[in-house]
Amino acid sequence: MTYLGIIIQILLFLVFAVGGTIRFFQPIDVLAKRMLWVKYFSPKVVRSISIIEIICGIGIILPLVLTDVSFSFLLYSGCLLMATMIGAVITHVIIGDYRQIFGNLFILSLIYLVTFPVV
């Protein structure tokens, strides 16, 4: 794997695992002030999204640590994160928060590049 792919994996780990952990432990009203989409979902859904981000963020970086595993952590974590980011894009379109869409699409493209590398 190239160094750029490894750097992108580490960045995605930081965005999702660390960011998801921060979002999981912050109160919902604090999150709602910073993120518009939180107002439209129940607290259980917001916490569930955070848990998915944490687990998949760890799954993105596990192939760098565990090299002799036959299970493809990167493939499954990447696909689940891509589905999550597509849901985020759709949510931002529906609620009219158009500024966030470009960031979501950029992260989606990074996940795609790491999950399905071009040889």
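1. I8 is a residue of helix α1 in this predicted model. Its relative accessible area is 12%, and because buried means under 20%, I8 falls in the buried class. Leaving out residues up to four places away in sequence, I8 touches L110 and V114. I60 is 52 residues from I8 in sequence, yet the two C-alpha atoms are 9.8 Å apart in space.

2. Is I7 buried or partly exposed? At 47% relative accessibility, I7 counts as partly exposed. The C-alpha atom of I7 is separated by 33 Å from that of K39, a residue 32 places away along the chain.

3. Helix α1 covers residues 3–25, and R23 is part of this helix. R23 has a charged side chain, so a reader may want to check its cover: its relative accessibility is 18%, and R23 therefore counts as buried. Neighbours within four places in sequence aside, R23 is in contact with V15, L31, R34, M35, R47, S50 and E53.

4. One of the partners of R23 is E53, and E53 is found in helix α3, residues 43–65. With a relative accessible area of 9%, E53 is buried. Which residues does E53 touch, when those up to four places away in sequence are not counted? They are F16, A17, G20, R23 and L81.

5. Once residues up to four places away in sequence are set aside, I101 touches V89, H92 and V93. I86 is 15 residues from I101 in sequence, and their C-alpha atoms are 9.7 Å apart.

6. These residues belong to a chain with five helices and zero strands. Read from the N terminus on, the order of elements is α-α-α-α-α. How do the contacts divide by distance along the sequence? Among contacts between residues at least 6 apart in sequence, 60% join residues at least 24 apart.

7. On overall dimensions, the C-alpha trace spans about 40 × 25 × 20 Å along its principal axes. The radius of gyration of the protein chain is 15 Å; a compact globule with 119 residues would have one near 14 Å, so the two values agree.

8. Of the 119 residues in the protein chain, 36% are buried. The chain exposes about 7,500 Å², and carbon and sulfur atoms supply 73% of that area.

9. On charge, the protein chain has 7 positive and 4 negative side chains. How far apart do the centres of the two sets lie? The distance between these centres is 11 Å.

10. On confidence, the pLDDT of the protein chain averages 92, and 98% of the residues score at least 70. Confidence is lowest in helix α2 (residues 28–34), where the mean is 92. The highest value belongs to helix α4 (residues 73–95), at 95. Where pLDDT is low, the predicted coordinates should not be read in detail.

Definitions and conventions:
Residues are numbered from 1 along each chain as its sequence is written. This is a predicted model: local features need pLDDT of at least 70, side-chain atom pairs count only at pLDDT 80 or more; totals for chains, interfaces and linings use all residues. Side-chain values use heavy atoms; hydrogens and water are left out. Helices (H or I, at least four residues) and strands (E, at least two) are DSSP runs, numbered from the N terminus. The radius of gyration is taken over C-alpha atoms; the globule rule is 2.2 Å times the number of residues to the power 0.38. Buried means under 20% relative accessible area, exposed over 50%, partly exposed in between (1.4 Å probe, protein chains only). Contact means heavy atoms within 4.5 Å. Accessible areas come from the Shrake-Rupley method with a 1.4 Å probe; for residues, only the protein chains shown count as cover. Lys and Arg count as positive and Asp and Glu as negative; His and the chain ends are not counted. The place of a charge is taken as NZ of Lys, CZ of Arg, CG of Asp or CD of Glu. pLDDT is the predictor's confidence in each residue, from 0 to 100.
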